[in-house]
Every structure is written in structure tokens, then in C-alpha cells.
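Okay, thanks everyone for coming.

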Amino acid sequence: MLAVYKKEMRSYFSSVIGYAFMAFLLLVIGIIFSWINIRNKSPYIGYALSNTNVMVPFMVLIPVITMRILAEESKQRTDQLLYTSPVTVAQIVIAKYLAVASLFTIPMLVVCLYPTVLASYGTVPYAMSYSAILGFWLLGLAYLAIGVFVSATTENQIIAAVVTFALLLLSFLMTSINQLIPAGKETSLVIFIVLSLILGAVYYILTRHLLGGVVCGGLLLGATIVTYLVKSSLFKNGIQKVLSSFSLYDRMEDFTNGILDLSAIVYYLTVVVFFLILAIQVIEKKKVS
Amino acid sequence: MIEVKHLTKKYGDHYAVRDLSFHVEEGKIYGFLGPNGAGKSTTMNMITGYISPTEGQILVDGHDVTEEPEEAKKCIGYLPEIPPLYMDMTPMEYLEFAADLKKIPKKEKEKQIMDAIERTKIKDVKDRLIRNLSKGYKQRVGFAQAILGYPKIIILDEPTVGLDPKQIIEMRELIRSLGKQHTVVLSSHIMQEISAVCDEVLIIAHGQLVALDTPENLSKHVSGSSSIELICKAEDYKVRAALNKVKGILKVQTETIEEDGIACCRAEVLAPMDEDVREQIFYACANAKCPIISMKPTITTLEDVFLKVTEGKTTDNRGLRDHSKVHVDGQLKPRERR
């Protein structure tokens, strides 16, 4: 496991990619930091970090660094060395994730110095600043896990990058999408019914198992209707509630405001674990098919 | 060493490997022979644990590949068809990484890497980027990776593809030297290579085992008789009449050919393996006044064997599957008893 970690770190630092990633991230954060915190004299670094002008380049940088992480191994057939060596797939994926997470942590440590820079201009709310940096770091870790997962699904780095960016952007825009959907119970009900049917169809397409698809779709449909009949109040804003749970960016707000919310920390770590497990499963599945 | 039982691999409705069973003994060199797409690489990928079988079981040194993958993989050094090389590393860095992956203890690491480098003769290029190496060197770096850590079993998928003739000879010598300490399984569709290097040959066609034996036995078994090619300066009915009088000849085939403007007869004679009928043929033809211009025995090569046991498989799968069963039954069982 350590072998894979070391190899990944070396490949980041022996080529330009690792340096470029760190430099570009620091550049973007630095520009917005000097604009909001230094020029406009705000003591809260969280405002800079959660700024859209940081978020959008950040969401571009994540796929750039994660797109090759597993896709290139299968493209170059070097995965044959990895998966035939006495190391498990889980160890390989985790080692690779830890390497890219370490790479991302280095510029974040540099950002940790920024509040002390501000201190020379006046008083700085240190606790709030560092909770904002922590929130940004956790958000980044979750984004990286999504990138690793997408990279596991394809051999093509470009597809991996585009899909990762699309997922991150979709998650980022979730709040705006929510506001477009009417809040009524009926809307939620209709959307949930359609979703149940779609999931059933997806199950059938993936497994070619007609009965399984019908059962899967039917169960979801039944559960939706029963829940609606028993407690229809749940459906008020129901779809919004579900969708907002996909918004990773929203969870960062509390951190920016200086609230260390345990549930948000658990949420981010869950996202990381969930997508890494998915990535491992995708690779194991490839072996079987 | 390797025990493969009823191995099947299905891609959708297509069988890449179908009900394949064989046994690999320790300290021998095995050759996988088969046309392209016969399932050689698929089988090797399954033995090494890169892909999982749809059905069946593989035991490597007593460890089930799907149940105890780590134990099984520790015994194997694998060189896939395309060497799994990182282009941005030097051979030295690459072998260090491979040694770490194989969990070779730190103390022995240096020594074993140097040994692998020496055996594959890549010392000159060990600090160059793999990206800039020639195909032959790349292959050898992959080979060094496979033999690193002295694994009990070394599996090589088409190890000599892309090498020049000199390198091929060196590679074969290397494989032969490995066979003294390791069990080696290699695949190829080049017959000479297999007959030059291997102790045992496994012929695979359409995912099924067609034959398993030593190269010499295979040549004998398949023909069951020796054949002689004969050219006489006479009409072919005369030659045929003369030859039919010879005792011990199983079958005669004749045709008229033209040699230096004179009509000649080319005859193919099949005789039992243990009988030399050439002398009798000479006298028979002499008596019949059919001068023999040339006479030579045709040797059954591994190529003929290969073509014979795999031929027609594409057109009539079912019919030949039965045929293959006969072969497997006829040749496998005595081996298993041994």
C-alpha cells in the first residue's frame, strides 16, 4: 500500500502536474484573498474561500488532478501489474486517494498562513478563519473522492475529467436548481414516482434482469405511494430536501460562519468513503465481466 | 503447482475459455499454443488473478486464486502481453516499485533487483526513462519485473513478440535457464519457439484444451504414421500399381506433375510409424521400371500437429469439440496417472 502511495507522490512531483495543481490553486485563492481580505479589508478568509471565483476554478482543478489516477492505469495496462501483485484493490484505491489528498493538503497548509498575514492589518477571528479552511479542505477531499470514482469507471481521461466536472458543477448548482422546482406536495410525489420508474429501468439496463428491474421499480413506487398516503406532510419540499443532500457546497456555509458542525464533518467523510467504496466495486466488477 | 479445474470465462454470450482443465507440474516449462483469440491470454489473466473466472477453480501452489488471492499472487511473476510499464520511470525506479509491491524485504531488495537486471541484461539502460527505450528493452524490463523476487511460477504471455532474432535467442536461453529453478508457463503462437523451449505443450483452440503432451510425443501421436514423398519418372497408374504391391503401405496418393518439361508422378505414401518401407519402395519401383527421381520422408512438425488439431474449428465447432475430447481423453489420462 505504501508502495503505491510513494509511487503516486513521486509521479506528482517528478512531473509538472503536481506543482501546476498546487500553484494554480494557490494562485486562485491568493487573488481572491487579496481582493476580498486585503483590498476590501475583510478579516474573514471564509468569504474568499467560499467565493464563486474560487469555487469554479477549484471544480476545474479537481478533475485535472484526478482524471488520470485510475483511468491511465487501465489505459496503459499498468493495472495488470497492480492487480496481479499481492495487494488488494481496496489498498490500491485508498493509497492513490491518500496520495492525491496529500497533494491537495500541501497548498491548504500554505493557506493556513494567510490569516496570520491578515493579523498585521488588525484583529483576525482565528477560530472562524481556521474553521473555514477546514471546511474548504473537507469539501476538497469529498470532491477528490468523486474524481477518483469517475476515473475508475473509464479508460479515457478526457471523459473522466468532463464527467467529474459535470458532477461537481451539478452538485454546486443544486441550490439554484432547488429554487426552480415548485414546492407543492404533488410535484414531489410526481417526481418521486418518475424517479422510481427510472431507477427500475436503470436496474434492468445494468443487470439485464427483467424481474429484478420490475421488483426494484415496484418497491420504490410502492414505498413512495404508501409514504404519501400515511404522512403526506413529508412530501412538502420533499424533492428539495433530497436534492439539497447532494449539495456538497451548502455544507461549507456553517464552517465559513465559524460553526463546527459535526454532522457536516460526518457528511463529508461519508461522501469520501462512499465514493471510494464505489470505485473499488467498479474495479472489482471489471474483473468479473 | 497450478491446478486448473473446469475453468470457464464468458463475455456476454461468447465463451473465451470453456471448461478448461489441466495440471502444471513443478520445475517444468509449459507452452501454451493456440491461434489468436484462442483464450491463452484470458487463461493467463485468470491464473494471475487479473480477471475472475465465470466458473471453475484455480489453485496456485495450493491456494485458491479467488479465495486467497494474496497468497496465490505471491507465488507468481507475470509478464502480460503488453508489458505493464510506467513510461515516466527509469527501469531502476520501476523495479524498486515492483519490489515494494511484491513485499520483498528491504534487506534483500537491492540484491534481488540487481540480480534481475543482470539476468535480463538491462544494466546499460537502468537509469534511462522507460519511455525512451526500444521495444526489446521494454520487454526485458517487464521480464525483469516478472522474475523479481524469485517467484515459484513465472507466467509469460508472448515473451518474444517484438524482439529481434538475436534477442529472441537470448530470451529463449533465459527462459530455459529459468526452467531449472522455476515453473514457467509461456504462451506463443510461434511453433518453433514452443518446441525449442518447452517440456510440455498445451494446445488451446476456441477456449478449450485440445492436447497436452511433450512436443515429440505430440508429433508422433497426431500422425500415427510416417509419410514419404516420392517422385518417379513414369505414368502415375504404373507407380500406383508398383507401390500397391509393397507390403506395409497404408495409403498411396498420386498426382501427375511436370518436372523439367517431363511428365512425372508425385506420390505420397503413408506407412506405419515403426516400419521403414523405403527400401521396398525402391525395389518395387525398379522392377516396374519407374525410375525414382527423389524420395524423402516428410517429418510431422509441431506446426502440422497444431494445424491438424485446431483445423476446422472455426467452421464446425460442435463436431470438433467431440474430436478434441477424444484427444484430451487419449492423452491426458496416462499423464494424470503418472
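I'll start with the ground rules, then go through the interface, the pocket, the cavity, and a few strands.

So, this is a predicted model, where local features need pLDDT of at least 70, side-chain atom pairs count only at pLDDT 80 or more, and totals for chains, interfaces and linings use all residues. Residues are numbered from 1 along each chain as its sequence is written, chains are lettered from A and ligands numbered from 1 in the order in which they are written, and side-chain values use heavy atoms, with hydrogens and water left out.

Interface first. 27 residues of chain B touch 22 residues of chain A, where contact means heavy atoms within 4.5 Å. Between them the two chains bury about 2,400 Å², with 61% of that on carbon and sulfur atoms; buried area here is the accessible area (1.4 Å probe) that two parts lose on being put together, summed over both. Which three residues of chain B supply more of its buried area than any other three? B:Tyr50, B:Tyr86 and B:Leu101, with 28% of what chain B buries against chain A.

How many salt bridges are there between chain B and chain A? The count is 1, using a side-chain nitrogen of Lys or Arg within 4 Å of a carboxyl oxygen of Asp or Glu. B:Asp100 and A:Lys6 make a salt bridge at 3.8 Å, N to O. Over all chains, the search finds 23 salt bridges. One of them pairs A:Lys7 with A:Glu73 at 2.9 Å, N to O. That pair links distant parts of the chain, helix H1 (residues 2-14) and helix H5 of chain A, 66 residues apart. Helices (H or I, at least four residues) and strands (E, at least two) are DSSP runs, numbered from the N terminus.

On a 1 Å grid over the protein atoms alone, a cavity is a set of points where a 1.4 Å probe fits but cannot get out; a pocket is an open set with protein on both sides within 12 Å along at least five of seven lines, and lining residues have an atom within 4 Å of a point. Volumes are the space filled by probe spheres set on the points, joined across faces, edges and corners.

The largest pocket holds about 620 Å³. Its lining has 34 residues, with A:Arg77, A:Gln80, B:Asn45, B:Tyr50 and B:Ile51 nearest the centre. Elements giving two or more residues to that lining include helix H9 (126-153) of chain A and helix H1 (40-47) of chain B.

Residues lining the largest cavity include B:Pro159, B:His189 and B:Glu193.

Last, strands. In chain B, 4 strands form an open antiparallel sheet, ordered S2-S1-S4-S5, and strands pair if DSSP finds at least two bridges between them. S2 (14-24) and S5 (63-64) are the edges, each pairing on one side only. Strand S1 (residues 2-11) joins S2 through 7 bridges, and B:Ile2 partners B:Val24.

Further along, S12 (residues 251-259) and S13 (residues 262-272) of chain B run antiparallel with 9 bridges. Their hairpin has 2 residues between the strands, and B:Asp260 takes a positive phi near 50°.
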